[in-house]
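Here are some friendly notes to read alongside the structure. Keep the 3D view open and try to find each place as you go.

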Amino acid sequence: MEKQDRVKLLTVGSMLRSDAKYVFAFLSEHREQLETIDITLGGGSMSPAIPKGSQIRIHVNYKGTYEPGQVVAFLYQGKIMVHRIRYCGRRGKAKHYVLTQGDATFLPDAPVPMDSILGPVIGFQKNEDWVAPGNLQRVSSFWVRCIAAMLEINISAATFLIKCLRKI
């Protein structure tokens with residue numbers, strides 16, 4: 001990729017932090033031309049797989065299916081979040097949702113609509129190299145299983161359960 005193209009992508013990435021909804025809409029319309037974007041990860045919820053403050057690369061033109069274990073960037077409450085997919089809905093309306101969770105967090109996030117996913121995180125910069133995020137060897141938690149079961153029955157109820165658990 002030429003230097004000029006890389007500068008454009010870095011500019012888009014910096015805009016993500018300032019106006020995520022606008023940039024998410026822009027990227028959704030121009031996925032074919034962009035292929036990937038680079039942004040700086042703000043939080044530490046993906047440590048140790050991706051260190052806090054890392055430059056990450058997102059494959060915005062991803063055409064594959066999402067699977068548990070993949071790290072994805074998605075729009076959540078007006079911000080771009082980066083978490084690992086823990087569960088993919090299987091039936092009915094749930095097929096259009098995934099459950100995500102930061103590696104360093106106890107509870108999963110509220111169900112994420114598939115159309116809110118920007119793409120998988122394919123790497124982070126470590127020194128001069130790009131490194132793929134590591135796999136998390138985590139036993140499926142009780143709460144992920146409960147919320148996944150609820151997601152298959154009623155998406156709103158799964159979202160409500162997450163909100164209640166976060167208040168505890």
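This is a predicted model: local features need pLDDT of at least 70, side-chain atom pairs count only at pLDDT 80 or more; totals for chains, interfaces and linings use all residues.

1. Let's take the overall layout. The protein has 5 helices and 8 strands. If you walk along the sequence, these elements come in the order α-α-α-β-β-β-β-β-β-β-β-α-α.

2. Next, the protein as a whole. It has 168 residues, and 43% of them count as buried. Take the contacts between residues at least 6 apart in sequence: 56% of them join residues at least 24 apart.

3. Now find helix α5, which runs over residues 155-167. Its 13 residues reach 19 Å from the first C-alpha to the last, close to the expected 18 Å. At the start of α5, look for Asn154: one of its side-chain oxygens comes to within 2.9 Å of the backbone nitrogen of Ser156.

4. Which residues of α5 are buried? They are Ile155, Ala158, Ile162 and Leu165. These residues lie on the same side of α5, because they cover an arc of only 90° around the axis. Among the elements that cover them are β5 (97-101) and α4 (142-153).

5. Let's move to the loop between β1 (36-40) and β2 (55-59), where Gly53 sits. Is Gly53 buried or partly exposed? Gly53 counts as partly exposed because its relative accessibility is 44%, which falls between the cut-offs of 20% and 50%.

6. What does Gly53 touch, once its neighbours within four places in sequence are set aside? Its contacts are Thr40, Leu41, Gly42 and Gly43. Look at Gly42 in particular: 11 residues separate it from Gly53 in sequence, while their C-alpha atoms are 5.3 Å apart in space.

7. Finally, Ser54 is also found in the loop between β1 and β2. With a relative accessibility of 8%, Ser54 counts as buried, because buried means under 20%. Setting aside neighbours within four places in sequence, Ser54 is in contact with Ile39, Thr40, Leu41 and Phe124.

Notes. Residues are numbered from 1 along each chain as its sequence is written. Side-chain values use heavy atoms; hydrogens and water are left out. Helices (H or I, at least four residues) and strands (E, at least two) are DSSP runs, numbered from the N terminus. The expected span of a helix is 1.5 Å times one less than its number of residues. Buried means under 20% relative accessible area, exposed over 50%, partly exposed in between (1.4 Å probe, protein chains only). The arc is that of the directions from the helix axis to the C-beta atoms. Contact means heavy atoms within 4.5 Å. A polar contact is a pair of N or O atoms within 3.5 Å; within protein, one must be able to donate a hydrogen and the other to accept it, and residues adjacent in sequence count only if both atoms are side-chain atoms.
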